[in-house]
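Hi there,

Here is the structure I promised to pass on to you. Have a look at it first, and then read my notes below.

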Amino acid sequence: MKIGIPKGLFYFKYYPLWKTFFEKLDCGVVTSPTNRKVLDSGVKLCADEACLPVKIYHGHVDSLNGKVDAIFIPRIVSIMKHEYTCPKFLGLPEMIKNSIKVTSRIIDTTVNLRGQHGDLFDFAMETGSIVTKDRYAIMNAFRDGLHEQHEFEKRLKECGDFESALKKDHDRNIPRPEKIAILGHPYVIYDSYINMDIAKKIQREGYSIITPQMIEDDIIRKYASKLPKRHFWTLGRENLGAGLSLLKCTDVKGIIYLSSFCCGIDSLMEDYLERQVARSSNMPYMKLVLDEHTGEAGFNTRLEAFLDMVRWREQNESNVSTHG
Amino acid sequence: MKVTFPHMGETYIALKGFFEDLGVDVVIPPECNKKTLQIGVKYSPETACLPLKVNIGNYVQSIENGADTIVITGSCGPCRFGYYGILEKEILRDMGYDVDMIVFDPPSEDIGRFISRIRKITNNKPVYKVADSLYKGYRIAKELDDMNKMMFAIRPREIKKGEVRRIYGEYQKEIEKAHGTREIFKVIDDNKKKLKDVRIDADRKVLKVGIIGEIYTVIEPFVNLYIEEKLGDMGVEVDRSMNVSEWIETNMFSKLLGFNSERDIDKAAENYLKTAIGGHAKQCIGNAVLYSRKGFDGLIQLLPFSCMPEIVASSILPSVSRNEKIPIMTLVLDELTGESGYITRLEAFVDMLGIRKETKVE
């Protein structure tokens, strides 16, 4: 059985797990490269008001459609207890089914770890049973998948680059001491097509990058709990916690928040973070909003201006208090 | 302590009655207007949804009139509404307003906290008194919904055009002067009597259109550019899929007692959307199916720009429209919505429904 995994959204978080899982069950795993064609067909097929990553996801489904036996579009309701992902991911299989005539089979099993009884193995069993009847093999494949995922996350923590963490060839060179933080959802900050390779651009300017996935979970949790309400968005919590924790790091010289236009989570959580940053620190902070119309030249100009500003600030400002 | 709350259609009347019965000072924000929206747009995050922006405008206008405590309801995801209270407080703080914000999460989330917050704003009034006023507030909401239904039915059938609008205008002036649930009930009752006396052409053939979508845009007339009135004047009988009293029923009573009062809607939506995805997306789909079964001529979906759950609903609705054979139009609302373009779309839709109905009969 050939299974297509659209290269978008939670691909950038769980691809190693899914890939290993299906491969261990003797399935072929296919992905399609992100390019202009995928983007265009996504924009054409998807509801107008959806965000760029969702549109690209539609494009990928369209390009895999018919070429594989099944397309894996899990309904990811929750990946953390008491929390949700985004309403659009909750209804993603329905969005796809009603926008695209999918001829391949759709695997839309549900991941829901929100309540007391949420169990990842149930999800594995349900998904695996579509491929094989052998429960033992499914268990093993999923265990291998989790192991692979764990290893991948370790590598990602070191290098902060999705592709090299995937290929296991991340450079272990000593990182440059000065860092620029890139915040945002995994499917924005690791998709080098959407974000126009921002990480490489920053590295070329002599900084190393730091992403939320490179920060320890308990630190994120600790800082995120400063919000006076229980978090219900996992992705929002991660970015807020990461952003607030970075304010204390002296080696972080600036924060760039990558957001996609009309992202509901970012519209509130990014704003909250921005207000906290402005109020309690003098960390340089920039929000870049991406959509299908974003031109690379304008994007580069803003990035260069930001990095220039960060550099001048280091060189010319003595950081000595001016009021005595 | 002077309490204020954001506008959502006529909800303010029920809340006003509730608070005044308990002896709490209330400041009602001025009816939503251009200025409200301007203030909100200026100080809110750019891509936040429209209700948040209008809320901010409401608060600022109320604070200018002396309010110092804001009361709103909350939720715990996955829709953005759950974080409104927090972010709104931050926005007001950055604007230099230091106000108290009391957020009521649904009682099913944490009943203890819910009660302690009620006690806080009501100055520790005995529980039975609070419960009694709460029930009266709910009854007012119920009466208002009833009155609205009457107006929806009369407006397209009135013989002298504009009669309902005139009566409603008078009522609005009266209700402003009414204090406490007893007076409010009386004003509503008088108004209903007046509405009953409006001369109507009962045989007139009217189109029936259901309004579905996101609750705030369905209920708040300023935001939906008075769609019910506009459609009524075009000779369309409108039905609102959601109203305040039902919202109170599901969120305050049913969920607390643990039963589902929206089973019909859920069942109707089952074929299109299996899980609830937050906001009112599932209700939107379910209501669309139910309306088509009731023989409505068309449906209009309203949503604020960038509303997450309704985007999912809007991509499912074309299938509903195809399978259930009912025309559905989606109208996205935000601060840039122009009135003439909006009217044009409504007119075109209503014309289309009329033609469709005529040809069907033949």
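**Chain A and its two domains**

The C-alpha centres of domain 1 of chain A and domain 2 of chain A lie 26 Å apart. Domain 1 of chain A covers 2–155 and domain 2 covers 173–316; such bounds come from an automatic or database domain assignment. Please keep in mind that this is a predicted model, in which local features need pLDDT of at least 70, side-chain atom pairs count only at pLDDT 80 or more, and totals for chains, interfaces and linings use all residues. Residues are numbered from 1 along each chain as its sequence is written, while chains are lettered from A and ligands numbered from 1 in the order in which they are written.

The contact between the two domains takes 20 residues from domain 1 of chain A and 22 residues from domain 2 of chain A. Two residues are in contact if their C-beta atoms, placed from the backbone, lie within 7 Å. On the domain 1 side, α1 (11–24), α2 (36–45) and α3 (52–64) of chain A each supply at least two residues, and α3(A) gives the most, with four residues. (Helices are DSSP runs of H or I with at least four residues, strands are runs of E with at least two, and both are numbered from the N terminus.) By class, this side of domain 1 has 12 nonpolar, four polar and four charged residues. Here Ala, Val, Leu, Ile, Met, Phe, Trp, Tyr, Cys and Pro count as nonpolar, Asp, Glu, Lys and Arg as charged, and the others, Gly among them, as polar.

**Where the chains meet**

How many residues of chain A are in contact with chain B? There are 28 of them, and they touch 33 residues of chain B. The elements of chain A that give two or more residues to this side are α4 (87–90), α5 (92–99) and α13 (264–280). The most comes from α13(A), with six residues. In all, the chain A side divides into 16 nonpolar, five polar and seven charged residues.

**Chain B**

Chain B is divided into domain 1 (2–125) and domain 2 (205–361), with C-alpha centres 26 Å apart. Between these domains, 21 residues of domain 1 are in contact with 22 residues of domain 2. Helix α3(B) gives the most to the domain 1 side, with four residues.

That helix also packs against a neighbour: α2 (residues 34–43) and α3 (residues 50–64) of chain B meet at an angle of about 115°, with their axes 7 Å apart. Axes are lines fitted to C-alpha atoms, for helices over the stretch in contact, and angles run from 0 to 180 degrees between N-to-C directions. α2(B) and α3(B) are therefore roughly perpendicular to each other (angles under 35 degrees count as roughly parallel, over 145 as roughly antiparallel, 65 to 115 as roughly perpendicular and the rest as oblique). Residues in this contact include B:L37 and B:V41 in α2(B), and B:V54 and B:I56 in α3(B).

A second pair is α1(B) and helix α6 (residues 127–154) of chain B, whose axes come within 8 Å and cross at roughly 155°. These two helices, α1(B) and α6(B), are therefore roughly antiparallel to each other. Their contact divides into eight nonpolar, three polar and two charged residues.

**Confidence**

The model scores ipTM 0.89 and pTM 0.91. Happy exploring!
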